[in-house]
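Student: I am new to this structure. Please take me through a single part of it closely, and then show me how that part compares with its surroundings.

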Amino acid sequence: MASSDEARQLRYQPDIGVRPPSNPPQDNQDAKRQSSRSLSLSGHVGFDSLPDQLVNKCIHQGFCFNILCIGETGIGKSTLIDSLFNTSFDDRASTHFSPNVRLRAETYEIQESNVRLKLTIINTVGFGDQINKDDSYQPIVDYIDSQFEAYLQEELKIKRSLYNYHDTRIHVCLYFISPTGHSLKTLDLLTMKNLDSKVNIIPVIGKADTISKSELQRFKIKIMSELVSNGVQIYQFPTDDESIAKINATMNGHLPFAIVGSLEEVKIGNKTVKARQYPWGIVQVENENHCDFVKLREMLICTNMEDLREQTHMRHYELYRRCKLEEMGFRDTGPENKPVRLERLDLKLFFKFLSEVLLAVPILPSCALSSFPFLLSLQLITEVGNYMHMQEIAVEFSMRADSQSGGYFLVCRIVFQG
């Protein structure tokens, strides 16, 4: 236990530093580098049931999937979503007279067999309807970033509840391209270019039954050529899993998918199918000779839904998280390219980022004043005082008894007011 003099010195030292943990012995580091040994079992143990345990846990917890639909008003976004999930989501109709682009999110709970899915559909209302379309993509970028921010805030809480947290991060963006038969619009290229590092983009040609097959094939080639020449990175179906590598590689060659959606049922012979009926004939939604609807549903839902969720977390969210933490002053390496466990933070950015922090500092007799947690908390509290003159941070102190240890906690509640 530290003496009272030592405690007094720690309490009033203005630029107190955090003692870095001592480096582990070199022998331990060498041991960690050694590869693990493979052993054979003499009998059944039981951990081969781990996959079954994981499946049961996931089924009990349920899944979530969030789809962002971007496209001009009336291009068939709502109809396609209804067709994909074989239900009517009762999405409100939009007009062409919206003064700006706004995003409308609706969450539904659906179930197939014993699998529950919390599905969120985000529609871009008014996209492409304005005369000046320069910043039409900005509300979409802001929305995606805000969902990343909400998840990061939950991660950084002292008491996290990620298990029950409703993840609103966008897992896939279905980008609807107008069936002009010529080339991509400037708005299409600008929007996809600004989104490709934030979301998995799958381009689709809406209302593909309005152009002929030969025009459609040339249009697909033209679209992919323009995406490549402008450096737009769309989602590629993964080919690293041998079980789905062949089908995914084939489907990558069919992008962008030419889509026709409909919930209208038409009787053809002895069968009733979903189709669109015209004076010149019938376009069947689930006939692969008529459109790519079945290909899209197979790739999006049946085969790659989990990969889309994983890519969102491991690639797009990690990029956002890394940039945000670097803004706060966190670094993995120091000036000499050595690992750093903790650096002095820019506290103004740090607390602006967290909005509210609750620090519980253990004091006598629950912990030594020279311990790492105490010094870290004291470091933060001390540096917060340096920003008090800005009137942007409010700090409230209180004492809380700890019945288990018989000691107390100094509770520091820090609120950013800017």
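Tutor: Start in helix α10, where Glu327 and Lys324 both lie, three residues apart, or about one turn of the helix. This is a predicted model. The two side chains form a salt bridge, with the closest N and O atoms 4.0 Å apart. Side chains of opposite charge can pair when their charged atoms come close. Now check the cover. Buried would need a value under 20%.

Stay in helix α10, which covers residues 305–327. A salt bridge also joins the side chains of Glu318 and Arg321, at 3.6 Å from N to O. These residues sit three apart in the helix, so about one helical turn separates them. Glu318 has 30% relative accessibility and counts as partly exposed. Arg321 is partly exposed too, at 28%.

Asp292 and Lys220 meet through their side chains in a salt bridge, 2.6 Å from N to O. Asp292 lies in the loop between β9 (281–284) and α9 (293–303), while Lys220 belongs to helix α7; 72 residues separate them. Asp292 is buried, at 7% relative accessibility. Lys220 is buried as well, with a relative accessible area of 9%. A search of the whole structure finds 12 salt bridges.

Turn next to charge on the surface. Asp240, Asp241, Glu242 and Glu310 gather there in a patch of negative charge. Asp241 is in the loop between α7 (213–229) and α8 (242–252). Its relative accessible area is 37%, so Asp241 is partly exposed.

A nonpolar patch is on the surface too. Leu41, Val45, Phe47 and Leu50 form this patch, and together they have about 430 Å² of accessible area. Find Phe47 in the loop between α2 (26–33) and α3 (50–61). Phe47 counts as exposed, because its relative accessibility is 51%.

Last, step back to the chain. The protein chain holds 12 helices and 12 strands. Of its 418 residues, 40% are buried. Its accessible surface comes to about 24,700 Å², and carbon and sulfur atoms account for 50% of that.

Note on methods. Residues are numbered from 1 along each chain as its sequence is written. This is a predicted model: local features need pLDDT of at least 70, side-chain atom pairs count only at pLDDT 80 or more; totals for chains, interfaces and linings use all residues. Side-chain values use heavy atoms; hydrogens and water are left out. Patches are made of residues with over 30% relative accessible area and no salt bridge: like charges are joined within 9 Å, nonpolar side chains (Val, Leu, Ile, Met, Phe, Trp, Tyr) within 5 Å. Accessible areas come from the Shrake-Rupley method with a 1.4 Å probe; for residues, only the protein chains shown count as cover. Lys and Arg count as positive and Asp and Glu as negative; His and the chain ends are not counted. The place of a charge is taken as NZ of Lys, CZ of Arg, CG of Asp or CD of Glu. Helices (H or I, at least four residues) and strands (E, at least two) are DSSP runs, numbered from the N terminus. Buried means under 20% relative accessible area, exposed over 50%, partly exposed in between (1.4 Å probe, protein chains only).
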